[in-house]
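Hi there,

Here is the structure I promised to pass on to you. Have a look at it first, and then read my notes below.

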Amino acid sequence: MSALPHPLAPELRSVSARDLVWLIGSLALVIVPHALRAPWWVTLLTLCLYGWRVYFTLQRAPLPSRWMVLAVAAAALLALWIEYRTLFGRQPGILLLVIFSGLKLLETRTHRDAAVAAFLAYFLVITNFLYTQSIPTALLMSVALLATTATLVGFAAPQRESSANLRTAGVLLAQGVPAALILFLLFPRVQGPLWGLPQDAYAGMTGLSETMSPGTITSLAQHDAIAFRAEFEGEPPLNALRYWRGPVLWDFDGRTWSMGPEMRGKPSLPEGPASYRYAVVLEAHNRNWLFALETAASVPERARMTFDGQLVSAAPVRNRIRYELVSVVAPAPQRTEAYGALTRAMRVPKGFNPRATALAEQWRAGAANDADIVMRALEFLRAGRYTYTLEPPPLGVHSVDEFLFDTHAGFCEHFASAFTFLMRSAGVPSRVVTGYQGGDLNPYDRIVTVRQWDAHAWSEVFLSGRGWVRVDPTAAAFPRRVESGVTLAVPQSAAMPLMMQPNMEWLRSMRNRWEAVAHKWNVWVLGYSPERQRDLMEWVGIRDADWRQLTAALFSILGVMTFGLLVWSLRRFARPDPVQRAWRAFCGKLARRGVERAPHEGPRDYTARAARAVPDARRTILRVGELYIGLRYGAHASAPRVARLQRLVRALRVT
Amino acid sequence: MIARLLDRNPRLANWIWGFTPPERGTVVLVHRRVYILPTRLGWLFAATLTILLIGSINYALALGFGLTFLLAGMGIAGMVQTARNLARLAVTPGRAEPVFAGDTAQFRLYLDGRAGFDRPAILVRHLGSGAQLVLDIPAGGAGEVVLQVPARHRGWLAIGRVMLETRFPLGLFRAWSYVEAEARCLVYPQPERSPLPRASGEAARGAMRSPTPGNEDFAGLRGYQPSDSPRHVAWKAVARTGDMLTKQFAGESGAELWLDWQLLPASLSIEMRLSRLTGWVLSAERSGALYGLRLPGAEFPPSHGDAHRTACLQALALFRLP
């Protein structure tokens with residue numbers, strides 16, 4: 001263009017106090033969730049930087065020099081490195097951005113810098129979603145989005161009232177929603193990630209692990225985080241039947257059970273009556289296994305079944321996923337097992353738990369078969385007056401002995417571990433299965449929600465002729481555990497999460513309603529995956545839609561929508577009122593007769609001139625002039641007069 | 001290069017810009033002539049969206065996709081609103097009072113919103129001179145700008161091309177349009193200050209009866225005539241009596257002065273002669289003398305008053321111009 005100063009160019013417009021207040025407000029809204037997670041000094045430093053910038057504006061002082069800003073940046077970098085020992089993780093990276101938002105403000109002089117800071121606010125919104133995508137976060141971020149957009153509008157219209165700018169921002173976002181919806185549904189989805197993610201990208205996910213030692217499940221049971229939700233076609237099974245199978249543990253070192261190496265073997269999918277069809281929405285837990293109601297009779301996509309009946313996904317579950325399954329309750333027995341597996345299922349470490357070993361050998365000597373030994377062991381546990389508790393006493397080297405004969409108190413992993421050890425010592429092949437048991441049935445949407453506190457461990461023994469049989473020693477000692485869930489089985493104590501306590505029924509009911517909404521959100525908004533996109537396209541009638549078709553559909557719909565928006569927004573132009581329209585028609589008619597109205601000519605002069613020039617229509621012309629002046633400038637607006645004006649104009653002949 | 005091409009082919013330019021200058025009366029900015037392109041900030045916004053999209057794909061963030069797409073939709077809506085901020089704006093030129101060369105012409109433009117919404121932050125820039133203003137047009141209302149265009153040469157000064165531009169609401173897009181309305185301003189020659197010529201010839205006999213023609217001694221009041229300058233109306237007397245009265249000055253009473261092109265030194269160029277004559281017309285009018293103007297091909301018999309002065313100045317301004 002030219003070298004002239006351009007009043008609309010953002011780089012030439014300096015930031016006003018109002019702009020700054022809006023910008024800082026938007027940034028503050030965006031960093032609120034980060035502040036709750038960040039070390040306190042990061043929040044404090046950022047707020048101080050914001051406050052410092054405001055101080056400069058209020059004092060009308062020149063901003064700090066570049067060196068000053070660089071020095072603060074270097075100090076912040078060093079402090080972050082001391083805190084995290086790296087700058088490239090997810091958390092330090094995001095906190096760096098948060099601090100940078102304050103530093104950017106310190107060198108913000110013009111609207112261009114301020115707009116960059118506003119874009120940074122948009123970017124910081126998305127960093128919040130790395131931690132949580134819940135409904136409250138989405139709502140807070142919507143407010144932040146509105147504020148940031150209003151800030152941008154304020155830069156473009158500095159003279160306008162803030163409330164008008166806020167309204168404009170709301171209108172813009174609202175008008176953006178249809179396009180966003182179409183893009184969300186049709187934009188070709190690619191399965192991420194595109195490149196390696198930082199080491200701590202998936203930190204902080206809870207769930208079962210590959211090993212089980214005394215205390216692991218107890219500590220897990222104090223979390224109320226959701227493990228997964230299951231949506232059944234038809235009625236869900238009873239609580240006592242809801243065993244969700246997870247990792248199967250084979251190897252015992254005297255204290256810890258672990259999965260050990262996987263063995264070769266082709267599992268056969270079980271068959272049997274009473275099957276359940278259901279969909280599981282599994283929360284991310286950064287491990288490979290999927291949970292299924294025992295016993296899974298189908299394998300989801302991109303997953304396989306191991307030799308011991310676990311469902312394993314091809315990649316670690318790092319995002320919430322949804323899969324559909326069929327399970328049978330009473331599978332036909334699998335009668336044979338590989339010799340290697342059976343010997344592995346009887347291995348116990350030497351030199352541990354002498355008392356338990358002695359007891360098992362005593363049972364072995366007096367029992368007719370393996371099933372008899374199982375019965376004796378369960379009877380022993382039932383009669384032993386054990387306490388089921390979330391606060392079991394710590395155990396020493398001989399953990400099974402101490403639990404069985406001294407402390408008499410434990411959680412399900414203690415029972416499962418002790419029982420399996422007894423079976424192996426008595427020569428009965430057995431293994432530990434971890435997973436979840438039960439889950440809350442939400443009465444509002446009939447969805448079973450399984451939380452970490454439903455984590456459970458049980459055993460499986462191999463009986464000749466019947467194959468692997470599930471034995472739940474905890475259920476033998478405490479039938480209430482599986483009948484009504486863990487909340488009623490353990491004695492109430494402070495260690496229980498608030499929601500887990502039975503007398504919080506009303507709170508749980510409110511929570512159930514909220515959970516039903518959150519589940520819909522998870523499935524329909526957050527769970528929209530490439531598979532769901534394909535389903536949607538098939539439902540619309542496009543089979544095997546590839547990205548080209550999606551893009552074509554996307555752009556044609558977006559084009560039509562933009563055009564529609566244009567037409568709609570132009571509709572709001574004020575149409576001239578009937579009087580004005582009649583007057584324009586009148587002028588047009590006279591112009592065709594050679595009497596054109598000059599731009600400066602008022603109605604009185606014009607009609608007088610026209611009446612002289614067109615004598616045959618003199619009376620009509622003068623009457624139109626009178627009526628128009630009366631209607632337009634006088635106080636005599638009335639419908640009959642408007643109608644008369646229109647009639648007279650229509651009656652005026654052109655030739 | 002494109003600009004030069006358009007300069008050489010006015011018809012092509014007219015076809016591209018969608019109008020043939022100058023346009024009479026009110027100019028309405030129909031869509032056809034509102035252009036829109038992203039600003040540098042708009043490209044930066046697009047880059048930000050790309051980063052957001054890549055991040056969303058990489059971390060499989062459903063809400064990240066939602067945010068990215070909502071911002072994209074907002075960008076589209078912003079584009080439409082930016083175009084709308086100018087579309088169907090009605091531009092009407094106002095009257096521009098004559099000025100002297102070397103002063104600034106004041107071109108008035110009325111911008112009628114003709115819409116149920118307000119149109120904030122509209123830049124009006126005179127392309128020839130760079131005179132520019134930013135105004136907000138309220139909903140259902142109109143705005144007025146006065147473009148201060150330097151008047152360099154005598155004659156008619158056409159307003160020329162005016163650009164209207166807006167970046168509201170987001171600053172991501174720039175919509176602009178050109179208007180070349182039929183508005184012109186009469187530019188009188190630049191007045192040269194020099195002493196009035198002596199009254200000469202037959203005029204001198206009457207004229208020199210009053211010893212000092214420039215003297216403005218108050219001589220009395222007389223009845224108002226429509227040609228009298230408002231400056232000479234005795235407003236205090238009007239307020240007292242209710243009758244329009246004009247002050248009479250001693251010098252006025254019979255001095256008769258001819259301002260003659262032919263009497264100027266031959267060494268002066270046309271423009272210099274016109275400047276001197278203009279200066280004389282102003283001085284003579286101020287002195288209250290009766291003065292006439294003689295130009296090759298035009299003669300204004302001695303008189304005085306605003307109408308006479310304007311007629312003389314107009315003749316000087318348009319002397320030998322096509």
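In this predicted model, strand S4 of chain A is joined by two bridges to strand S5 (residues 257-258) of chain A, and the two run antiparallel. If you want one pair to look for, A:Phe252 has A:Trp257 in S5(A) as its bridge partner. These strands belong to an open sheet of three in chain A, ordered S1-S5-S4, with antiparallel pairing. Strand S1 (211-212) and strand S4 (251-252) of chain A are the edge strands, each pairing on one side only.

Now for the helices. Two packed helices are described by the angle between their axes and the distance between the axes.

How do helix H2 (residues 40-59) and helix H3 (residues 66-84) of chain A cross? Their axes come within 11 Å and cross at roughly 170°. An angle over 145 degrees counts as roughly antiparallel, so that is how H2(A) and H3(A) lie to each other. On the H2(A) side, the residues in contact are A:Trp41, A:Val42, A:Leu45, A:Leu49 and A:Trp52; they meet A:Met68, A:Val72, A:Ala76, A:Ala79, A:Leu80 and A:Glu83 of H3(A). By class, this contact of H2(A) with H3(A) has 10 nonpolar residues, no polar ones and one charged.

Helix H6 (residues 135-156) and helix H17 (residues 505-526) of chain A pack at about 70°, with axes 10 Å apart. H6(A) and H17(A) are therefore roughly perpendicular to each other. A:Ile135, A:Pro136 and A:Ala138 of H6(A) make the contact with A:Trp514, A:Val517, A:Ala518 and A:Trp521 of H17(A).

Enjoy exploring!

Notes. Residues numbered from 1 in each chain as written. Chains lettered and ligands numbered in written order. Predicted model: local features only at pLDDT ≥ 70, side-chain atom pairs only at ≥ 80, totals over all residues. Heavy atoms only, no water. Pairing = 2+ DSSP bridges. Helix = DSSP H or I, 4+ residues; strand = E, 2+ residues; numbered from the N terminus. Axes fitted to C-alpha atoms, helices over the stretch in contact; angles between N-to-C directions. Parallel < 35°, antiparallel > 145°, perpendicular 65-115°, else oblique. Contact = heavy atoms within 4.5 Å. Nonpolar A, V, L, I, M, F, W, Y, C, P; charged D, E, K, R; others polar.
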